[in-house]
Amino acid sequence: MHIPDGFLDTKTAVASGVIATAGLGIALRSVRRTLPEKRIPLIGLTSAFVFAAQMLNFPVAGGTSGHLIGAVLAAVLLGPSAAVLVLSSVLILQCLLFADGGVTALGANIVNMAIIAPGVGYGVYRLVRGMAGNGQRGILFATAFAAWCSTVAASLACAGQLASSGTVAWRVAFPAMVNIHMLIGAGEALITTLVIAALCRARPELLLSESQPLLKPRYGELTAYGLLVSLGLAIFVAPFACGWPDGLEKVATVLRFESRAVVKPLLPSPLPDYAVPGVNSAVLSTVLAGCLGTLAAFALAYLLARFLTPRVEIHPGPRPRGSPSGASTPA
Amino acid sequence: MHQRLLSPYVQSRSRIHRLPPVVKLIGAVLFVVSTVLLPHATWVGYLLGAVALITVAALSRVPPLHLAKRLLILEPFVLSVALLSLFQPSGLRVFLAILVKSTLCLFCMVLLSATTSMPDLLSGLRSLRIPRLLVTTLALTYRYLFLLVDEMERMQRARRSRTFTRHRLQAWRSLATVIAQLFVRTSERAERIYAAMCARGWKT
């Protein structure tokens, strides 16, 4: 999902750069304020860990393989602000050191994978945990669903950026990115949940102690991320959803109007597609399929959590560090 | 691991290598931005950019084969996204323009990472007033990345040599266990590193 240089036009690059800077600024500020000094190395090491984990490929159907983003993993382990910082530094390093992801697209990549992915993921995680309770099953259920949602949301934003830059038509970008990432998201969810489950077995105190200040973000912080995520999705994705009926019509016209005003000289014109008859039903069916997919993911996440939860729940509590059951549990 | 990911030529001492890292960093970013800003299909502009890059590459005395290899590794990612742009009116033109543009940018970044070591780049970032916490995080990430990847590969090798199974779910499970165990070790290492940093007089 790393966008290389040359794929984004000026307005998209600048807009995502602004959002990325704002998000990173908020994350730095709140980490500096809430993080005890002794955890600073943990942030750096966790981003090295996420970097390393991203190198592991897992097999997806049909001979292709995907790799982790790790946004939800970081957010569940360290809280949202630290996750934003961790993933941003992974992306910056990949850009500078390995030329993976472009310099001008760095803002867009940070928005997708370091702000939208952990933002959406953490929001969903908190929501589902609120519903499903604080036990281990609740944690796993929430993690699985959040990981899937975060991957899909990130790919949606990525498709929106490519389309609004005029490099890839929306009707190609959307299925190519989002449909594939619904599958990859399932892989991400499975791996993330298995990792969290393994951590629950090996070191529950790393996970279940909610007293860490990082894991209890303040509401202002959460609102800021929520705003940034919805702003990003609104700018990059909403202009293409203008085929939607009634309720969104007004907002969509405003947004479309705005983007047209700026875009006109730069774009080869992705918009005429929307005059094609039958698009309305196509959009509607896409939305329907999306809803069905989300429901299926929700149900699968619950089943996975049930399957992975042991009969006896593990409760939070300190455990001696060298205890034998702390070693890796054979599969 | 190091051979796969790091350029072995960062330590040589050509004219380009000796430039201050801030200059190289800003130069590379300016080059990339101006290349991206060029309108589609200004072939003369692309040619000029390519000539400039090749001059720099020649001055840096990094073997061309090495640079070409790095580019070839990265090119498939660009190609796969660029292919999507074919499906639209005047797609071929957009496709070619994007392909050339992003190859130029890739070449520029490959050159930068082949002539500037990461600690130098980080000191460049620091003098550009990037927030200290971010630079510290980047430095720690770079410092421990290779160690963690090596550790992960060792753990995977150990795991593979002990479990023989063709069951898909088991493979996923063991992968997840490796990742989880890596995180446990990472967080323990972070504690030791903090103690070591304090012992050497580190302040935020």
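Helices are DSSP runs of H or I with at least four residues, numbered from the N terminus. The model shown in these views is predicted.

**View 1. Gln181(B) in helix 9 of chain B.**
Gln181(B) is part of helix 9 of chain B. Gln181(B) counts as buried because 23 C-beta neighbours lie inside 10 Å. Along the chain, Gln181(B) and Val23(B) are 158 residues apart, and 42 Å separate their C-alpha atoms.

**View 2. The contact between chain B and chain A.**
In this interface, 62 residues of chain B are in contact with 57 residues of chain A. On the chain B side, the elements that give two or more residues are helix 3 (21-37), helix 5 (64-84), helix 6 (91-115), helix 7, helix 8 (132-162) and helix 9 (168-199). Helix 9 of chain B supplies the largest share of that side, with 20 residues. Sorted by class, the side of chain B that touches chain A holds 44 nonpolar, 15 polar and three charged residues.

**View 3. The two domains of chain B.**
According to the domain assignment, chain B has domain 1 (2-125) and domain 2 (131-199). The centres of domain 1 and domain 2 of chain B, taken over C-alpha atoms, are 31 Å apart. Contact between them involves four residues of domain 1 and five residues of domain 2. On the domain 1 side, helix 7 (residues 118-127) of chain B gives the largest share, three residues. That side of domain 1, the one touching domain 2 of chain B, has three nonpolar residues, one polar residue and no charged residues.

**View 4. The largest nonpolar core.**
The largest nonpolar core has 166 residues, and those that touch the most other members are Ala74(A), Leu87(A), Phe145(A) and Ala173(A). Helix 6 (residues 136-164) of chain A contributes the largest share of this core, 19 residues. The core lies between domain 1 (2-125) and domain 2 (131-199) of chain B, because both give residues to it. Leaving out residues up to four places away in sequence, Ala173(A) touches Ala159(A), Leu162(A), Ala163(A) and Val168(A), together with Leu84(B).

**View 5. Chain A as a whole.**
Chain A contains 11 helices and two strands. Along the sequence, their pattern reads α-α-β-β-α-α-α-α-α-α-α-α-α. Of the 331 residues in chain A, 51% are buried. Among contacts in chain A with a separation of 6 or more, 77% are between residues 24 or more positions apart.

Helix 3 (residues 71-78) of chain A is largely enclosed by the rest of the structure, because eight of its eight residues are buried. These buried residues are Ala71(A), Val72(A), Leu73(A), Ala74(A), Ala75(A), Val76(A), Leu77(A) and Leu78(A). Their cover includes helix 2 (40-54), helix 4 (80-98), helix 5 (106-132), helix 6 and helix 7 (170-202) of chain A.

Helix 9 (residues 219-236) of chain A has 18 residues. From its first C-alpha to its last, helix 9 of chain A reaches 26 Å, close to the 26 Å expected at 1.5 Å a residue. Its buried residues are Ala224(A), Tyr225(A), Leu228(A), Val229(A), Gly232(A), Ile235(A) and Phe236(A). They lie on the same side of helix 9 of chain A, because they cover an arc of only 140 degrees around the axis. Tyr219(A), Gly220(A) and Thr223(A) are exposed on the other side of helix 9 of chain A. Helix 1 (10-34), helix 4, helix 5 and helix 6 of chain A are among what covers the buried residues.

**View 6. Ser30(A) in helix 1 of chain A.**
Ser30(A) belongs to helix 1 of chain A. Ser30(A) has 23 C-beta neighbours inside 10 Å and therefore counts as buried. Apart from residues up to four places away in sequence, Ser30(A) touches Ser81(A) and Glu221(A). Ser30(A) and Val124(A) are 94 residues apart along the chain, with 21 Å between their C-alpha atoms.

How values were computed. Residues are numbered from 1 along each chain as its sequence is written. Chains are lettered from A and ligands numbered from 1 in the order in which they are written. This is a predicted model: local features need pLDDT of at least 70, side-chain atom pairs count only at pLDDT 80 or more; totals for chains, interfaces and linings use all residues. Domain bounds come from an automatic or database domain assignment. Two residues are in contact if their C-beta atoms, placed from the backbone, lie within 7 Å. Ala, Val, Leu, Ile, Met, Phe, Trp, Tyr, Cys and Pro count as nonpolar, Asp, Glu, Lys and Arg as charged, and the others, Gly among them, as polar. A residue is buried if 20 or more other C-beta atoms lie within 10 Å of its own, exposed if 12 or fewer, and partly exposed in between; C-beta atoms are placed from the backbone. A nonpolar core is a set of buried Ala, Val, Leu, Ile, Met, Phe, Trp, Tyr and Cys residues joined through C-beta atoms within 7 Å. The expected span of a helix is 1.5 Å times one less than its number of residues. The arc is that of the directions from the helix axis to the C-beta atoms.
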